Amino acid sequence: MSARRPFSAGGAVSPAAEGSPSRRRFLAVAGTAAVAAALAGCKGTSTEEFLQRNFRELSKEEVREVIARLEREYSAKFHRKVRVGNEPPIPGVLFGYALDLSRCVGCRRCVYACVKENNPSRQPQIQWIRVLQMDKDKGVDLQHATPYYDPEKVPEEGHFYMPVQCHQCKNPPCVKVCPVKATWKEPDGITVIDYNWCIGCRYCMAACPYGARRFNWDEPHIPPQDLNPETHYFGNRPRYRGVVEKCTFCIQRTRKGLYPACVEICPTGSRKFGNLLDPQSEIRYVLETKRVFLFKEELNTEPRFYYFYGV
Amino acid sequence: MGIRGGDWIRRQRLGGVPAWGALLAACFAASWLGAQTPPPRETAPTAGEGQPPGAEEIQVPPPPFTEGIFPCTQCHDGKTVPLNTRPRNLVDMHDDVVLRHGTDRWCLDCHSADQRDHLHLVDGRLIGFSESYLLCGQCHGDKLRDWKVGVHGKRTGSWNGQKRYLLCVHCHNPHSPRFAPLKPLPPPVPPKEIVPTKGGTP
Amino acid sequence: MRKENFRLLARFCAGGLRLLFAGSRSYYAWVAFLLALVGVGTLAYLGQLRHGLIQTSMRDQVSWGFYIGNFTFLVGVAAAAVMLVIPAYVYEWKPIKEITLLGEVLAIAALVMCLGFVLVDIGRPDRFWHIIPFVGLLNFPSSLLAWDVLALNGYLGLNGFIVLYLLFSAYTRRPYAKRLVYPLVFLSIPMAVSIHTVTAYLYNGLGARPYWNSAILAPRFLTSAFCSGPAILLILLQILRKQTRLEIKDEAIFKIAELMAYAMGINLFLTAAEAFKEFYTNSQEAVYIRYLYVGYKGHTTLVPFAWASVACGLAAFLLFLIPRTRKNWVTLNAGCVLIYASVYIEKGMGLIIPGLTPDTLGEIYTYRPSSTEFLVAAGIFAVGFLVFTLALKVAVPIMLGEFSLPDPAPKPPR
């Protein structure tokens with residue numbers, strides 16, 4: 001039983017055993033590309049799409065190519081000219097959103113304005129905003145809330161309404177848990193998803209305390225005439241089956257200085273939006289003068305979505 | 001209280017010119033030469049022509065008049081329809097207006113009795129219909145404050161640029177300002193009804 | 001030297017393949033049955049690939065289900081190899097030492113199933129390369145799933161290497177290098193604990209899910225792993241004793257059962273502790289455990305399963321604790337089945353579904369696995385059993401000395 005040189009057959013040892021990092025990387029990529037090419041081929045994924053890296057790792061040139069490829073694919077699919085923008089965050093801007101619970105009447109026009117603007121699947125239905133009907137005498141109590149109210153007229157006696165969407169938290173649990181860094185916070189505060197990098201593990205959906213994230217369980221279906229052709233890479237460009245999506249504060253609009261679609265459509269003016277870093281902004285005025293609270297504040301997600309009572 | 005207010009307004013109309021009005025008249029008189037003929041009573045100009053003291057110019061779309069109703073002086077020119085400032089329920093015209101705004105109110109609390117194309121503030125100043133927010137703001141000062149900052153009411157346009165304002169009356173019917181309940185858009189599809197399409201089997 | 005080893009390896013593989021194709025009728029029947037299940041599962045999975053995960057019953061409100069439930073349970077089974085390794089190597093307890101290899105083979109099979117369940121659950125399996133370190137972009141150390149990827153594959157690699165090395169050494173009639181094996185085996189103890197702890201942490205760290213956000217989740221994972229994993233092994237050992245000439249002492253089996261009894265006791269205690277905290281405090285966080293054990297707002301789907309799990313676990317505990325029933329083969333095997341069922345429910349659907357129901361906005365969606373999920377899961381279990389069967393078909397003859405070189409392979413020159 002003398003000590004001897006170990007035999008290193010190691011049948012179960014992973015392939016990246018020896019070799020320089022670049023060779024190892026090449027072999028690993030080639031190997032996995034070969035293995036998964038069959039799967040990719042089944043779904044009609046192009047090779048460039050398959051090999052595309054995380055957006056943050058792409059060079060400017062690669063980004064241009066990706067955008068061009070996406071525009072080609074979308075335009076072909078929807079028979080319309082689709083533009084995929086890549087507007088960067090505006091410096092000195094941190095977006096904040098406030099919602100007046102004393103004014104929301106639960107009409108759901110925000111839900112459908114968002115759908116019209118952001119190109120989610122219509123079949124199966126995906127809606128980024130969920131409006132909860134709650135009891136006035138119970139307050140914000142999720143155990144007595146329902147999104148399925150459907151009376152003749154709203155608001156119903158004794159109820160108030162609380163729309164919920166992505167809060168673009170400062171301390172987002174979804175970003176923490178994503179195993180491949182497919183979602184991250186941009187400098188202007190929006191939590192974005194790289195739809196071409198997400199593997200669809202849905203860990204972020206388990207982590208989000210606000211139920212803000214949606215998954216494409218099926219191939220998303222948008223009637224071509226309902227498509228909004230002004231899109232952004234991180235925002236409302238049409239998504240794929242098997243990836244996660246959520247509200248992005250209408251990044252395709254807000255990075256151009258416009259309001260999100262939900263803010264504009266609200267008939268009672270319950271939604272307020274602006275730059276938290278601008279002391280003159282509406283959102284700062286709301287935070288400084290109204291009774292503001294945070295949803296599930298104890299979880300310390302530090303949302304950028306503030307509920308307040310304006311009346 | 002409304003009747004008392006009405007009395008007060010009548011006293012202003014029919015009585016003497018109030019003291020501060022004399023001062024204003026003097027100012028106007030001082031700019032007599034080269035200026036327009038000063039109006040016999042103090043009026044606040046309509047939006048865009050100079051402001052009541054303290055108000056800044058706010059761009060608003062035109063007020064949402066019922067078709068054909070404006071200018072009021074089509075009928076209320078002082079001759080066609082006799083002036084009757086007694087508070088009463090109207091029967092011949094404008095009986096479609098249901099007044100549900102506070103208690104003990106009637107039309108001439110806001111509408112100027114003899115300058116029907118204007119509204120009037122509590123102190124008697126006349127304002128145009130496109131400045132009606134000043135009138136509403138007399139009682140609803142907190143809402144006016146919020147509205148001016150951009151925090152009250154429907155918000156469209158640009159968060160980092162020019163705000164687009166609406167008049168109060170674009171959303172609130174001034175005669176019956178409480179929002180009528182509306183029909184909600186359809187509820188979301190519950191998860192158990194989200195099923196495979198195109199031949200997939202569960 | 002290398003060339004010599006490669007030739008031996010080639011002979012080893014060829015011989016192993018021959019062994020796989022030479023078996024009894026029951027062996028062929030069993031393998032055929034497993035292959036059929038694999039076929040059925042593959043067809044179901046191809047349907048899922050074609051139409052998407054909408055073929056499952058998972059929806060936004062309950063975004064993890066049967067697949068992840070099975071994954072979680074099987075991670076526990078994989079960790080169970082530790083049960084045998086600890087007494088065998090740490091205490092040099094001979095009766096267990098020889099069969100530790102079987103525990104490690106079980107761990108490998110379980111890990112293969114774990115990886116299979118993860119693969120069928122993700123929305124974009126064609127993008128699985130994103131999770132490979134240095135090839136994709138792994139969010140280590142922030143994401144617990146990243147830790148899980150490293151821990152599970154590391155454990156798989158470690159066990160795979162140990163098993164293959166030990167078998168190859170036995171085949172070539174060369175003594176294995178203790179200096180290599182012992183440290184690796186000792187390493188596998190904390191690694192086994194780590195895979196289960198990491199898996200527990202991936203649920204535990206989510207503040208959005210109060211049912212999972214409890215401090216004793218990780219300890220509960222460990223205790224349930226310790227009591228369920230070896231249960232399969234005990235049954236398998238008895239089968240192997242009957243079917244092959246492998247000698248497994250009674251006292252080895254009874255010792256494992258005794259250790260399992262203690263793990264079961266602690267497991268029951270921790271479950272009771274969890275229930276006490278929730279029911280007594282009766283805060284809103286109790287809605288989840290209520291949904292599980294007594295139903296909530298009229299939804300009682302999980303209640304019979306929850307109580308079945310408790311009853312089976314209690315019964316198994318008593319059967320294993322009392323020496324008379326522990327040493328009776330009928331009650332022992334009954335106990336194994338009972339504890340397996342109990343933990344399968346507790347760590348499978350009994351963990352995932354109450355964690356997600358009611359959802360973060362208070363909605364209750366009653367999740368029942370679809371037929372696609374059952375068939376795919378059956379296929380993956382069949383793959384695991386197949387791996388285990390085929391591995392043992394080669395390993396057991398080696399352990400018995402029946403499959404080895406005629407003469408010891410020449411010692412390598414010093």
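The dialogue below takes up the interface and then the salt bridges.

Modeller: This is a predicted model, in which local features need pLDDT of at least 70 and side-chain atom pairs count only at pLDDT 80 or more, while totals for chains, interfaces and linings use all residues. Residues are numbered from 1 along each chain as its sequence is written, chains are lettered from A and ligands numbered from 1 in the order in which they are written, and side-chain values use heavy atoms, with hydrogens and water left out.

Biologist: How many residues of chain A and chain C are in contact?

Modeller: Contact means heavy atoms within 4.5 Å, and 72 residues of chain A touch 68 residues of chain C in this sense. The buried area, which is the accessible area (1.4 Å probe) that two parts lose on being put together, summed over both, is about 6,100 Å² between chain A and chain C, with carbon and sulfur atoms giving 58% of it.

Biologist: Which element supplies the largest share of the side of chain A that touches chain C?

Modeller: Helices (H or I, at least four residues) and strands (E, at least two) are DSSP runs, numbered from the N terminus. Among the elements of chain A that each supply at least two residues to the side touching chain C are α1 (21-43), β3 (130-135) and α6 (203-207), and the largest share, eight residues, comes from α1(A).

Biologist: What should I look for in a salt bridge?

Modeller: Side chains of opposite charge can pair when their charged atoms come close. The rule asks for a side-chain nitrogen of Lys or Arg within 4 Å of a carboxyl oxygen of Asp or Glu, and it finds two salt bridges across the interface of chain A and chain C. Arg202(A) and Asp121(C) meet in a salt bridge at 2.8 Å, N to O.

Biologist: How many salt bridges are counted over all chains, and are Lys347(C) and Glu346(C) buried or exposed?

Modeller: The count over all chains is 32 salt bridges. Accessibility is read as buried under 20% relative accessible area, exposed over 50% and partly exposed in between (1.4 Å probe, protein chains only). Lys347(C) and Glu346(C) form a salt bridge at 3.0 Å, N to O; Lys347(C) is buried at 3%, and Glu346(C) is buried at 12%.

Biologist: Where do Glu4(C) and Arg7(C) lie?

Modeller: Glu4(C) and Arg7(C) are three residues apart in helix α1 (residues 2-20) of chain C, and therefore about one helical turn separates them. Their closest N and O atoms are 3.3 Å apart in a salt bridge, in which Glu4(C) is partly exposed at 25% and Arg7(C) is exposed at 54%.
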